[in-house]
2 protein chains.
Amino acid sequence: MKRSLADRIEQYIKVLIDRSEEKQIEIQRAELAETFCCVPSQVTYVISTRFQEKYGYLTESRRGGKGFVRITRFTISSDIYTIMDGDKLFDFVNELMGKKMLDSESGNMLKHIVLSASSDLDDEQRKHLYNSVARALSEYLNLN
Amino acid sequence: MKRSLADRIEQYIKVLIDRSEEKQIEIQRAELAETFCCVPSQVTYVISTRFQEKYGYLTESRRGGKGFVRITRFTISSDIYTIMDGDKLFDFVNELMGKKMLDSESGNMLKHIVLSASSDLDDEQRKHLYNSVARALSEYLNLN
DNA sequence: ACGAAGAAAGTCAAATAAAGTCAAATAGGA
DNA sequence: TCCTATTTGACTTTATTTGACTTTCTTCGT
């Protein structure tokens, strides 16, 4: 079972993230390509296929001199909070704060933002937003 | 995290502003260039790319003898980004984190949640969400 | 007071560095 | 075989660095 180059690069990046303090790394695309003796676009391929948002990663980058690719990991979860309304979301956030899984700074900010951002949505969209936020939050906190 | 010359100059200036009483500094372009062993226009480059109004800075200058560059920091409001897209929202959040107005814990969480929550929206709704979040965030942080 | 000299900052474009895009070629598995 | 994932490289876009040249002030000598 010979692993492809792409697989090996993927593993390498994941190890780097594991070892990082913030679950976040910054790499130079060209340097990594050098390490694996491949073209730089191979790295782009790996990042774009394996480190997508749906797999729990956020990537940002900058071109030009001293450019970089930053990859941040969040852990994916299944969606347990499928039926979520505003109150439940707030209860959920409060509970997380109570359990010290979310600091009150972040929790309060989130409540404010969600409330404000949902104020001009219709019921359908609002419910959708609450669900997305609940899911994203539990992903972020590595619940489930 | 290797930083470019431009990044280092940017940091240096930001520290000076942090330490200043009035959130305002006056520098001599040539002197700063001397400090960093670079050409003066490098400083101009940094100022014009990093200390723009949209990032919450006002710059003024005078040429000739006793010339100077004055940089003033003010609190940004989301209104500056009239049409907010994902990148601008992320810039906004990154900028706030850089200014320590938002801790990196909260900022990273927010980026994740917004990205995740916007993934299954159409362009119209996504843009709307970004704007709402930007507005809500600046409300929360008491900007404006 | 006036004009010339010198001091600073600005402008702009070239050179270089790095990442992204895209599509053709190839490999591997059902 | 046929389909999908991978590999490669030519070309594009964006960011940084540098330096020659321009503009705008201040100062100084007359």
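**Entry 1: DNA strand D**

I started at B:Tyr45, where a polar side-chain atom sits 2.4 Å from a phosphate oxygen of DNA strand D in this predicted model. I count a polar contact as a pair of N or O atoms within 3.5 Å; within protein, one must be able to donate a hydrogen and the other to accept it, and residues adjacent in sequence count only if both atoms are side-chain atoms. A:Arg50 has a side-chain N or O atom 3.0 Å from a phosphate oxygen of DNA strand D. For B:Gln42, a polar side-chain atom is 3.3 Å from a sugar or linking oxygen of DNA strand D. Helix 1 (5-19) and helix 3 (40-50) of chain A, with helix 1 (5-19) and helix 3 (40-50) of chain B, each give two or more residues to the surface near DNA strand D. Helices (H or I, at least four residues) and strands (E, at least two) are DSSP runs, numbered from the N terminus.

I then listed the surroundings. DNA strand D has 25 residues around it, and A:Ser41, A:Tyr45, A:Arg63, B:Ser41 and B:Tyr45 are the closest. Near means that a heavy atom of the residue lies within 4 Å. Sugar and phosphate make up 63% of the atoms of DNA strand D within 4 Å of the protein.

**Entry 2: DNA strand C**

Next I checked DNA strand C. A polar backbone atom of B:Arg29 is 2.8 Å from a phosphate oxygen of DNA strand C.

I looked at helix 5 (residues 104-118) of chain A and helix 5 (residues 104-118) of chain B. Their axes come within 9 Å and cross at roughly 40°. Axes are lines fitted to C-alpha atoms, for helices over the stretch in contact, with angles from 0 to 180 degrees between N-to-C directions. Among the residues that meet are A:Met109 and A:Leu110 from chain A, and B:Met109 and B:Leu110 from chain B. Contact means heavy atoms within 4.5 Å.

**Entry 3: confidence and conventions**

Chain A has a mean pLDDT (the predictor's confidence in each residue, from 0 to 100) of 86. Over residues 77-81 of chain A, pLDDT stays under 50.

Residues are numbered from 1 along each chain as its sequence is written, and chains are lettered from A and ligands numbered from 1 in the order written. In this predicted model local features need pLDDT of at least 70, side-chain atom pairs count only at pLDDT 80 or more, and totals for chains, interfaces and linings use all residues, while side-chain values use heavy atoms, with hydrogens and water left out.
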